Amino acid sequence: MGTVITVYYTHVVGTFLETLGDGYLDEAEDVLSETLTLQKSEVGPHHPDTLITMSYLGELYDNYNFTDEAEKLWKDSMEAHVAVYGADHVDTLRSKQHYAGLLSNNQDYEGANKLLLEVYTGRVKVLGNNHPDTLHTIKALAESYYGLQDFSSSEDRYLECLEGFYLLSDHDQHNFDVLLVKGSLGLLN
């Protein structure tokens, strides 16, 4: 049990080091990589903590443009989430959206769009149409349509997203999201 707790706190140290910036990239990568290796051997490759560390290490690689490493980790994480939790679990959907974001960043808009449609369907089913996570997926879908140069679908999704944010009872907390969507709509027009 002590090893599991130590591995968990090591993972926390790795994510903290990443927040300190570029000067700590190597240390953060080392700590997260070692933590992931330990977690896989101590608690297994499909343990929730292992999946979280995979996601954090994938995010670190993505943030610092280590594209191949990030893509492998995000894809492995997504597939493991599906295997452990099923296709429509909120953690699986989050993992799929992260992977779709990486695909979009690498200009694979077709792959991103296909995955985001799955995430959208799952989030509507699990969370509903106007949950903030669903709305962020709609925004990501709008961006993928834009990348595919399907400007009409992009605009429709941005408008759907904007309407959804306005309908939220705590819509004031989403002013930044609204501004981003309005800016994107402005670029379309």
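Modeller: Of the 189 residues in the protein, 39% are buried. The model is a predicted one.

Colleague: Which secondary structure elements does the protein contain?

Modeller: The protein has nine helices and zero strands. Along the sequence, the pattern therefore reads α-α-α-α-α-α-α-α-α. As for contacts with a separation of 6 or more, 49% of them join residues 24 or more positions apart.

Colleague: How are two packed helices described in general?

Modeller: Two values are used, namely the angle between the axes and the distance between the axes.

Colleague: What makes H6 and H7 roughly antiparallel to each other?

Modeller: Helix H6 (residues 109-127) packs with helix H7 (residues 132-147) at an angle of about 160°, and their axes are 9 Å apart. Angles over 145 degrees count as roughly antiparallel, and H6 and H7 are therefore given that term. Their crossing is left-handed.

Colleague: Which residues make the contact of H6 with H7, and how do they divide by class?

Modeller: On the side of H6, they include Tyr109, Leu116, Tyr120 and Arg123. On the side of H7, Asp133, Ile138, Leu141 and Tyr145 are among them. By class, this contact has 11 nonpolar, five polar and two charged residues.

Colleague: Why is H8 called roughly antiparallel to H9?

Modeller: The axes of helix H8 (residues 151-167) and helix H9 (residues 175-188) cross at roughly 155° and come within 10 Å. The cut-off for the term is an angle over 145 degrees, so H8 is roughly antiparallel to H9. The crossing of H8 and H9 is left-handed.

Colleague: Which residues of H8 and H9 make the contact?

Modeller: From H8, the contact includes Phe151, Tyr158, Leu162 and Phe165. From H9, it includes Val178, Val181, Ser184 and Leu188. The residues of this contact comprise 11 nonpolar, two polar and three charged.

Colleague: Serine 184 belongs to that contact. Is serine 184 buried or exposed, and how do you know?

Modeller: Serine 184 lies in helix H9. The relative accessibility of serine 184 is 17%. Buried means under 20%, so serine 184 counts as buried. Between serine 184 and tyrosine 158 there are 26 residues in sequence, counted as positions apart, and 7.7 Å in space, C-alpha to C-alpha.

Colleague: How do you know whether serine 55 is buried or exposed?

Modeller: Serine 55 has 16% relative accessibility. That value is set against the cut-off of under 20%, and serine 55 therefore counts as buried. Serine 55 lies in helix H3 (residues 48-63). Leaving out residues up to four places away in sequence, serine 55 touches Trp74, Ser77 and His81.

Colleague: How many aromatic pairs does the structure hold?

Modeller: The structure holds two aromatic pairs. In one of them, the rings of tyrosine 61 and phenylalanine 66 have their centres 6.0 Å apart and their planes at 85°.

Colleague: What makes the rings of tyrosine 61 and phenylalanine 66 a pair, and why is the pair edge-to-face?

Modeller: Rings pair if their centres lie within 6.5 Å, and the centres here are 6.0 Å apart. Planes over 60 degrees apart count as edge-to-face, so the angle of 85° makes the pair edge-to-face.

Colleague: Which terms of accessibility apply to tyrosine 61 and phenylalanine 66, and why?

Modeller: Tyrosine 61 has 8% relative accessibility, and the limit for buried is under 20%. Tyrosine 61 therefore counts as buried. Phenylalanine 66 has a relative accessible area of 30%. Exposed means over 50% and buried under 20%, so phenylalanine 66, in between, is partly exposed.

Technical notes. Residues numbered from 1 in each chain as written. Predicted model: local features only at pLDDT ≥ 70, side-chain atom pairs only at ≥ 80, totals over all residues. Heavy atoms only, no water. Axes fitted to C-alpha atoms, helices over the stretch in contact; angles between N-to-C directions. Helix = DSSP H or I, 4+ residues; strand = E, 2+ residues; numbered from the N terminus. Parallel < 35°, antiparallel > 145°, perpendicular 65-115°, else oblique. Left-handed = near helix turned anticlockwise from the far one by under 90°. Contact = heavy atoms within 4.5 Å. Nonpolar A, V, L, I, M, F, W, Y, C, P; charged D, E, K, R; others polar. Phe/Tyr/Trp six-rings, centres within 6.5 Å; stacked < 30°, edge-to-face > 60°. Buried < 20%, exposed > 50% of the residue type's maximum accessible area, 1.4 Å probe, protein only.
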